[in-house]
Amino acid sequence: MNKIKKSKQRDAILNFLVSRKDHPTAKTIYEAVRRTNPHISLGTVYRNLALLEELGHIIRIPCVDDCEHYDSNTAPHYHFVCKCCKCVSDLEMPSLHFAEDLAAYLFDGTITGHQLTFYGLCKNCKEKNIDFSQKND
């Protein structure tokens with residue numbers, strides 16, 4: 001693989017992600033980075049996010065809002081997505097590494113990792129007594 005050239009725009013995207021714990025979308029990242037890099041395009045943000053993911057510097061989290069969210073914490077951990085307000089947060093819990101062992105046992109291939117996301121109502125939406133039982137997607 002060719003050596004990747006250093007990029008101020010890529011560094012700005014990664015620095016923004018490292019400073020956040022709320023797993024922003026590409027659009028949120030674009031709007032924030034554009035404040036200090038006014039010539040950056042949304043396409044450049046998407047291309048750099050894909051490259052950063054490929055290099056293992058970030059992870060991409062597909063969500064129920066049809067947007068992908070991004071996380072600079074690449075250590076094994078789990079996420080929670082609120083089906084009402086669409087917030088994404090880290091879920092602090094012990095590793096379920098046995099799930100990889102089970103998958104490897106049952107799968108005629110090679111398991112290299114897993115990503116697990118839990119869905120429901122966050123504390124704020126739950127406290128607002130939002131009835132989300134009618135929406136089971």
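## Basis

In this predicted model, local features need pLDDT of at least 70 and side-chain atom pairs count only at pLDDT 80 or more, while totals for chains, interfaces and linings use all residues. Residues are numbered from 1 along each chain as its sequence is written, and side-chain values use heavy atoms, without hydrogens and water.

Helix H2 spans residues 26-36 (helices are DSSP runs of H or I with at least four residues, strands are E runs of at least two, numbered from the N terminus). Its buried residues (under 20% relative accessible area, 1.4 Å probe, protein chains only) are Ala26, Ile29, Tyr30, Ala32 and Val33. They pack against helix H1 (8-18), helix H3 (42-54) and strand E2 (68-71).

## The contact of H2 with H3

The axes of H2 and H3 lie 9 Å apart, at an angle of about 120° (axes are lines fitted to C-alpha atoms over the stretch in contact; angles run from 0 to 180 degrees between N-to-C directions). From H2, Ala26, Lys27, Ile29 and Tyr30 meet Leu42, Val45, Tyr46 and Leu49 of H3 (contact means heavy atoms within 4.5 Å). By class, this contact has seven nonpolar residues, no polar and one charged.

## The largest pocket

The largest pocket holds about 220 Å³ of space (a pocket is an open set of points on a 1 Å grid where a 1.4 Å probe fits, with protein on both sides within 12 Å along at least five of seven lines; lining residues have an atom within 4 Å of a point). Of its 14 lining residues, Thr74, Ala75, Pro76, His77 and His114 lie nearest the centre. Strand E3 (78-82) and helix H4 (97-106) each give two or more residues to the lining.

Note on methods
Buried < 20%, exposed > 50% of the residue type's maximum accessible area, 1.4 Å probe, protein only. Nonpolar A, V, L, I, M, F, W, Y, C, P; charged D, E, K, R; others polar. Points joined across faces, edges and corners; volume = space filled by probe spheres on them.
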